[in-house]
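Here is a briefing for a reader who is meeting a protein model for the first time. Please keep the sequence and the structure in view while reading, and look up each residue as it is named.

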Amino acid sequence: MKAKVKVEQDLAFSLEERHQLGIHGLLPPCFNSQDVQLLRVLKNYEMKRDDLDRYVFLMGLQDRNEKLFYRLLTSDIERFMPVIYTPTVGLACQQYGLIFRRPRGLFITIHDRGHISTILQNWPEKDVRAVCVTDGERILGLGDLGCCGMGIPVGKLALYTACGGVPPQQCLPIMLDVGTDNEVLLKDPLYIGLRHKESARPGVMMTCCG
């Protein structure tokens with residue numbers, strides 16, 4: 001409970017809230033409004049060298065302070081959308097094994113057939129309204145990126161929240177990993193997906209809401 005709340009607000013907690021949550025002393029003694037936190041994020045963002053670095057920075061922010069992440073996106077969606085989605089997400093998918101920090105979404109493999117319902121039950125949020133699924137076979141004209149294509153549903157659902165107002169906890173990105181025919185990925189020690197070919201698999205890229 002403490003860890004989850006801490007991620008959501010960081011230095012925005014009041015002294016009373018810190019006492020109530022048992023986190024007094026675990027944060028610096030200053031109290032920053034979200035406006036000040038946004039200023040800090042923007043300054044750090046502007047220091048990044050290129051769009052891939054900016055993408056990694058924004059995904060890290062989404063992991064540790066989701067409220068602030070969406071405050072940033074909605075403050076200037078035209079500026080940040082090309083970084084969290086096209087065109088930068090294509091480069092991010094190509095480098096996904098290298099920049100991987102923390103899993104987002106569900107990873108379902110071909111070996112999980114017959115057990116998918118169990119995997120779905122592992123997802124902590126039960127009120128899911130928007131699901132975006134990919135098998136990573138055709139990513140933005142870049143070809144087969146296998147499990148590294150997870151960046152697409154993650155980025156697309158972030159836009160559902162920022163542009164459409166869908167609560168982030170109601171969004172679920174899913175990767176269907178049935179292998180990859182990309183030889184570069186199969187030989188890459190940092191690749192995060194199944195290491196076998198599946199040339200005959202059907203392509204999947206769909207968005208389901210319900």
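Leaving aside its neighbours within four places in sequence, which residues is glutamine 170 in contact with? In this predicted model, glutamine 170 is in contact with Asp127, Val128, Arg129 and Ala130, once those sequence neighbours are set aside. The points below begin with that residue and then turn to the helices, the backbone and the cysteines.

- Glutamine 170 is placed in the loop between α10 and β3, the strand of residues 171-177.
- With a relative accessibility of 14%, glutamine 170 counts as buried, because the cut-off for that word is under 20%.

**Helices α3 and α4**

- Helix α3 covers residues 34-46 and helix α4 covers residues 51-64, and their axes come within 10 Å and cross at roughly 155°.
- Because an angle over 145 degrees counts as roughly antiparallel, α3 and α4 are described as roughly antiparallel to each other.
- The crossing of α3 and α4 is right-handed.
- On the α3 side the residues that meet the other helix are Val41, Asn44 and Tyr45, while on the α4 side they are Arg54, Phe57, Leu58 and Leu61.
- Sorted by class, this contact of α3 with α4 has five nonpolar residues, one polar residue and one charged residue.

**Phenylalanine 57, a residue of that contact**

- Phenylalanine 57 lies in helix α4, and at 12% relative accessibility it counts as buried.
- Not counting residues up to four places away in sequence, phenylalanine 57 touches Val41, Asn44, Tyr45, Lys48 and Arg64.
- Phenylalanine 57 and cysteine 147 are 90 residues apart along the chain, and their C-alpha atoms are separated by 21 Å.

**Helices α3 and α6**

- The axes of α3 and α6 come within 14 Å and cross at roughly 55°.
- That angle makes α3 oblique to α6, and the crossing of these two helices is left-handed.
- Leu42, Tyr45 and Glu46 of α3 make the contact together with Arg79, Phe80 and Val83 of α6.
- The residues of this contact of α3 with α6 divide into four nonpolar, no polar and two charged.

**Helix α5 and its partners**

- Within α5, the residues Leu68, Phe69, Tyr70, Leu72 and Leu73 are buried, and the buried residues of this helix pack against α3, α4, α6 and α10.
- Helix α5 (residues 66-75) packs with helix α10 (residues 151-164) at an angle of about 70°, and their axes are 9 Å apart.
- Since angles of 65 to 115 degrees count as roughly perpendicular, α5 and α10 are taken to be roughly perpendicular to each other.
- The crossing of α5 and α10 is right-handed.
- The contact is made by Phe69, Tyr70, Leu73 and Thr74 of α5, and by Ala158, Thr161 and Ala162 of α10.
- By class, this contact of α5 with α10 has five nonpolar residues, two polar residues and no charged residues.

**Two places to check in the backbone**

- Most residues other than glycine have a negative phi, and most peptide bonds are trans.
- The peptide bond from threonine 86 to proline 87 is cis, with omega near 5°.
- Proline 87 lies in the loop between α6 (77-84) and α7 (88-94).
- Leucine 140 has a phi near 50°, which is a positive value in a residue other than glycine.
- Leucine 140 is found in the loop between β2 (130-134) and α10, and at 41% relative accessibility it counts as partly exposed.

**Cysteines**

- A disulfide is a covalent bond between the sulfur atoms of two cysteines.
- How far is the sulfur of cysteine 93 from the closest cysteine sulfur? The closest one belongs to cysteine 148 and is 7.5 Å away, which is too far for a bond, because a disulfide is counted for a pair of cysteine sulfur atoms within 2.5 Å.
- By this rule, the count of disulfides in the model comes to zero.
- Cysteine 93 is buried, with a relative accessible area of 1%, and cysteine 132 also counts as buried, at 0% relative accessibility.

Technical notes
Residues are numbered from 1 along each chain as its sequence is written. This is a predicted model: local features need pLDDT of at least 70, side-chain atom pairs count only at pLDDT 80 or more; totals for chains, interfaces and linings use all residues. Side-chain values use heavy atoms; hydrogens and water are left out. Buried means under 20% relative accessible area, exposed over 50%, partly exposed in between (1.4 Å probe, protein chains only). Axes are lines fitted to C-alpha atoms, for helices over the stretch in contact, and angles run from 0 to 180 degrees between N-to-C directions. Helices (H or I, at least four residues) and strands (E, at least two) are DSSP runs, numbered from the N terminus. Angles under 35 degrees count as roughly parallel, over 145 as roughly antiparallel, 65 to 115 as roughly perpendicular and the rest as oblique. A crossing is left-handed if the near helix is turned anticlockwise from the far one by less than a right angle, and right-handed if clockwise. Contact means heavy atoms within 4.5 Å. Ala, Val, Leu, Ile, Met, Phe, Trp, Tyr, Cys and Pro count as nonpolar, Asp, Glu, Lys and Arg as charged, and the others, Gly among them, as polar.
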